[in-house]
Amino acid sequence: MKRRIHFSFVLVYSLVSYFCLCSAFYLPGLAPVSFCEDGKGGDDCQTVIQLFVNRLDSVESVLPYEYDVFDFCKDDKEKRPSENLGQVLFGERIESSPYKEDNSIKWASRWDYILVSMPHTNIQWFSIMNSLVIVLFLSGMVAMIMLRTLHKDIARYNQVDQEDAQEESGWKQVHGDVFRPPRKGMLLSVFLGQGTQIFIMTFITLFLACLGFLSPANRGALMTCAVVLWVLLGTPAGYVSARLYKTFGGEKWKTNVLLTALLCPGIVFADFFLMNLILWVEGSSAAIPFGTLVAILALWFGISVPLTFIGAYFGFKKAAIEQPVRTNQIPRQIPEQSFFTKPIPGIVMGGILPFGCIFIQLFFILNSIWSHQMYYMFGFLFLVFIILLITCSEATILLCYFHLCAEDYHWWWRSFLTSGFTAVYLFIYAVHYFFSKLQIIGAASTILYFGYTMIMVLIFFLFTGTIGFFACFWFVNKIYSVVKVD
């Protein structure tokens, strides 16, 4: 008995000793800095608190200015810390201040005065519950279709003879046309490649923000992370675009890869460059220095474009995606559609529910961008992001099924535009926010607001459209792969 007790003690002691030798580490952006009075702290305790100041903002303008542009409260020994890419793009101009801090406050409570001024988290929970209700409603509809209606259709179609099936109507009757390549397949494949790039970038950025790597205390970290990720994700963009373009039967692979690498980023850069000219003319601190613009172009053409070519190379090397049914040579005539199964009404209706999931979070995001409020609720934002994915997928699948039942097989572009139309509602809400919440005056500020809003709308359009397309692509392949077709 004594030997057993001694052995157990040694085992426990060894385990405790092993874990005691392990060293801990802090996540980037979360490591606290300890301050203390002279002679009362250790070697890792600092005694001087350096205060910094940021740009000057106004509720009547979106043009920020440097803190000492009006020549007051200027530090005689001014020195600027190095700024990251995100700070430069957002116009953050950090400078040393003449103020001396002799109170910085425990680390655990240093953000309390900011968090107290933020909207209450009950609103965030209301947003989540509102979104979940929409998701449950759509999930019930999809489950009813998949488990009851669709299951019965498949069973009935597989049991009847081919002659009897010809007399029936429904989604099976368009099996010979449902995978017919879409018109302007080049443009659709380019949009889907860029949308894939944006989706992966957004997911990784929000995930890192939830883990605390992109703390609000580290200004500009979120934007820097997003830009770097976008640059490094050129490979999946080129791969997806090339693979789908090959599936559509396209042969102009050089044009495809060039458009994937240059079209949408070129539109964003042109808009951004025009906005930067306005900022430069107005003397705003948000104006991007010429050297930074050159650096952005270098990242784009030096890293992103080559990676896009690499992805496109592997995409074209792969075989085209095999479809579960053959496509007829002669297109089937589409019967006359009712009002609700026509393309435009379906697309307009398809964006309502996804927008209903995000409009509350959108209010806080716009407040953070234009009303200079701190945004820190990345956990809520990540949940809404996941809910948005589910809602876009389910809403697009539902409408796709209804259109196929009406024997309208033009689903490629419609699946992309149905969920992508959520971006139009985002633009409408941004217009409402501008006139109802902001007090902006002046033509320059108005142009800047809508110029940057258009960049957000384009990115969101590609993001949501890509989600809807791939959800429908999976759905259509799934249902036509389980029916018997002679």
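**Close-up 1. The largest cavity and its lining in the predicted model.** The lining divides into four nonpolar residues, four polar ones and one charged one. Its members are T396, L399, C400, H403, W411, R414, S415, T418 and C472. Helix α13 (378-405) gives the largest share, four residues, and α13 and α14 each supply at least two residues.

Close-up 2. Have a look at S419 in helix α14. This serine counts as buried because its relative accessibility is 0%, below the 20% cut-off. A polar atom of the S419 side chain lies 2.7 Å from the backbone oxygen of T464, and the side chain also reaches the backbone nitrogen of G468 at 3.3 Å. Leaving aside residues up to four places away in sequence, S419 touches C392, T396, T464, G465 and G468. E394 is 25 residues from S419 along the chain, and their C-alpha atoms are separated by 9.8 Å.

**Close-up 3. Helix α15 and the helices it packs against.** Helix α15 covers residues 422-436, which makes 15 residues. From first C-alpha to last, α15 reaches 21 Å, close to the 21 Å expected at 1.5 Å a residue. Its buried residues are T422, A423, Y425, L426, Y429, A430, Y433 and F434. These buried residues pack against α11 (343-350), α12 (352-370), α14 (412-420) and α16 (443-480). When following a helix by eye, remember that an α-helix has 3.6 residues a turn, so residues three or four places apart point the same way.

**Close-up 4. Helix α16, mostly covered.** One of the helices that the buried residues of α15 pack against is α16. Helix α16 has 38 residues and reaches 54 Å from its first C-alpha to its last, close to the 56 Å expected at 1.5 Å a residue. Of those 38 residues, 28 are buried.

**Close-up 5. Q197 in helix α6.** Q197 sits in α6, which runs over residues 185-211. Is Q197 buried or exposed? Its relative accessible area is 1%, so Q197 is buried. The side chain of Q197 reaches the backbone oxygen of W230 at 2.6 Å. Not counting residues up to four places away in sequence, Q197 touches W230, L233, G234, A237 and S304.

Close-up 6. K184 lies in the loop between α5 (162-167) and α6, while E407 lies in the loop between α13 and α14. Phi is near 55 degrees for K184, a residue other than glycine, and near 65 degrees for E407, likewise a residue other than glycine. K184 counts as exposed because its relative accessibility is 65%, whereas E407, at 10%, counts as buried.

**Close-up 7. E251 in a loop.** E251 has its place in the loop between α8 (234-247) and α9 (253-281). With a relative accessible area of 71%, E251 is exposed. M186 is 65 residues from E251 in sequence, and the two are 9.6 Å apart in space, C-alpha to C-alpha.

Methods
Residues are numbered from 1 along each chain as its sequence is written. This is a predicted model: local features need pLDDT of at least 70, side-chain atom pairs count only at pLDDT 80 or more; totals for chains, interfaces and linings use all residues. Side-chain values use heavy atoms; hydrogens and water are left out. The expected span of a helix is 1.5 Å times one less than its number of residues. Buried means under 20% relative accessible area, exposed over 50%, partly exposed in between (1.4 Å probe, protein chains only). Contact means heavy atoms within 4.5 Å. On a 1 Å grid over the protein atoms alone, a cavity is a set of points where a 1.4 Å probe fits but cannot get out, and a pocket is an open set with protein on both sides within 12 Å along at least five of seven lines; lining residues have an atom within 4 Å of a point. Ala, Val, Leu, Ile, Met, Phe, Trp, Tyr, Cys and Pro count as nonpolar, Asp, Glu, Lys and Arg as charged, and the others, Gly among them, as polar. A polar contact is a pair of N or O atoms within 3.5 Å; within protein, one must be able to donate a hydrogen and the other to accept it, and residues adjacent in sequence count only if both atoms are side-chain atoms.
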